[in-house]
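Here is a short report on a protein and its ligand. Take a look at the structure first, then read on.

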Amino acid sequence: MSDEEEDIILSELSDDELVLQMHDDLYDGLKDEITEGVNILLGRGWMPYDVLTKALVEGMRIVGIDFRDGILFVPEVLLAANAMKAGMSILKPLLAETGAPRLGKMVIGTVKGDIHDIGKNLVGMMMEGAGFEVVDLGINNAVESYIEALEKEDATILGMSALLTTTMPYMKVVIDTLVEKGMRDDYIVLVGGAPLNEEFGKAIGADAYCRDAAVAVETAKEWSARKHNQTA
Ligand code: B1M
């Protein structure tokens, strides 16, 4: 860290400057600074969702570009991911603080072969905040783990995340297995992750592709209401 950087006092920056500084700090994997930045923005009356999207998710998007272009490597990206998680852990209870009635239960996990979990964690947080119960299976889930959890938890929604073009086809394996077992219609199946798109979601037989966490919440609400009306 340069002397100039050491001299920066986060609390003295304007909102815009602080958000840009947080993008830099996330890039540099500075967990304590991210924690401080999140707390400052919240203290200034920012909505938790805005802190999440404008300071953290946007910062991670920049990290992703330089990772793709070979400017950042795995260890650096891991540090950035850790810093992001520290910020998210402060926001999680705030996003979940709606006191809304339970709308349904979602089992969510990253698919087999894939260890990316930041986006999936975000979706889980936002779903909880919107009033859904969430059972998070973590990363690297084989079809058996999804099916066992769906049955055990009596869930209504299955959420799958994949960040690699090599792991996204595994979502179809899971959906095909649900079909084979005659279980497919028992659940709303939502999929997401950076390399997916609407067309892919349709092609593998998911109910919907969700571009981001906010869309996941809206889609889950919409499909839950639809299913509820059908049952009624
Ligand atoms: Co990885 N990685 N990575 N990585 N990584 C990507 C995905 C990549 C696009 C980077 C790049 O090249 N630009 C690239 C994939 C290329 C491809 O497949 N075509 C890549 C690669 C290649 C790899 C490795 C193979 C690198 C290597 O080892 N050589 C390796 C794979 C390991 C494995 O999984 N087997 C690897 C490893 C890692 C780290 C461990 C270093 C770290 C993960 C840490 C962690 O997650 N705990 C990492 C990271 C951080 C990234 C990038 C930089 C950031 C991902 C992220 O967290 N984004 C990523 C580049 C990028 O995506 N721009 C990259 C922020 C997050 C909020 O967004 O996850 O998209 P996202 O989630 C969004 C939506 O997609 C959606 O909502 C979320 C919130 O709005 N969504 C859902 C996601 N899941 C959903 C589920 C739903 C609904 C919506 O269910 C209902």
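How far from an oxygen atom of the ligand does a backbone N or O atom of alanine 213 lie? The distance is 3.1 Å. Keep in mind that this is a predicted model.

## The pocket and its shell

The ligand takes up the space of the largest pocket. Around the ligand there are 34 residues. Those that come nearest are Arg68, Ile115, His116, Asp117 and Ser161.

What kinds of residues make up this shell? The nonpolar ones number 19. Nine are polar, and six are charged.

## Which elements build the shell

Several helices and strands each supply at least two residues of the shell. The helices are H4 (48-68), H5 (74-95) and H6 (118-129). The strands are E1 (105-110), E3 (157-161) and E4 (188-192). H5 gives the most, with five residues.

## Histidine 116 and the cobalt atom

Where does histidine 116 lie? Its place is the loop between E1 and H6. The ligand carries a cobalt atom, and NE2 of His116 is the only protein donor to this atom. The distance is 2.1 Å.

The side chain of histidine 116 also has an N or O atom 2.8 Å from a nitrogen atom of the ligand.

A polar backbone atom of alanine 194 is 3.3 Å from an oxygen atom of the ligand. For alanine 213, a backbone N or O atom lies 3.1 Å from a ligand oxygen atom.

Methods:
Residues are numbered from 1 along each chain as its sequence is written. This is a predicted model: local features need pLDDT of at least 70, side-chain atom pairs count only at pLDDT 80 or more; totals for chains, interfaces and linings use all residues. Side-chain values use heavy atoms; hydrogens and water are left out. A residue is near a molecule or strand if one of its heavy atoms lies within 4 Å of it. A polar contact is a pair of N or O atoms within 3.5 Å; within protein, one must be able to donate a hydrogen and the other to accept it, and residues adjacent in sequence count only if both atoms are side-chain atoms. On a 1 Å grid over the protein atoms alone, a cavity is a set of points where a 1.4 Å probe fits but cannot get out, and a pocket is an open set with protein on both sides within 12 Å along at least five of seven lines; lining residues have an atom within 4 Å of a point. A molecule sits in a cavity or pocket if more than half of its atoms lie within 2 Å of its grid points. Helices (H or I, at least four residues) and strands (E, at least two) are DSSP runs, numbered from the N terminus. Ala, Val, Leu, Ile, Met, Phe, Trp, Tyr, Cys and Pro count as nonpolar, Asp, Glu, Lys and Arg as charged, and the others, Gly among them, as polar. Donors are N, O and S atoms within 2.8 Å of the metal (3.2 Å for Na, K and Ca); water is not among the atoms, so sites may look incomplete.
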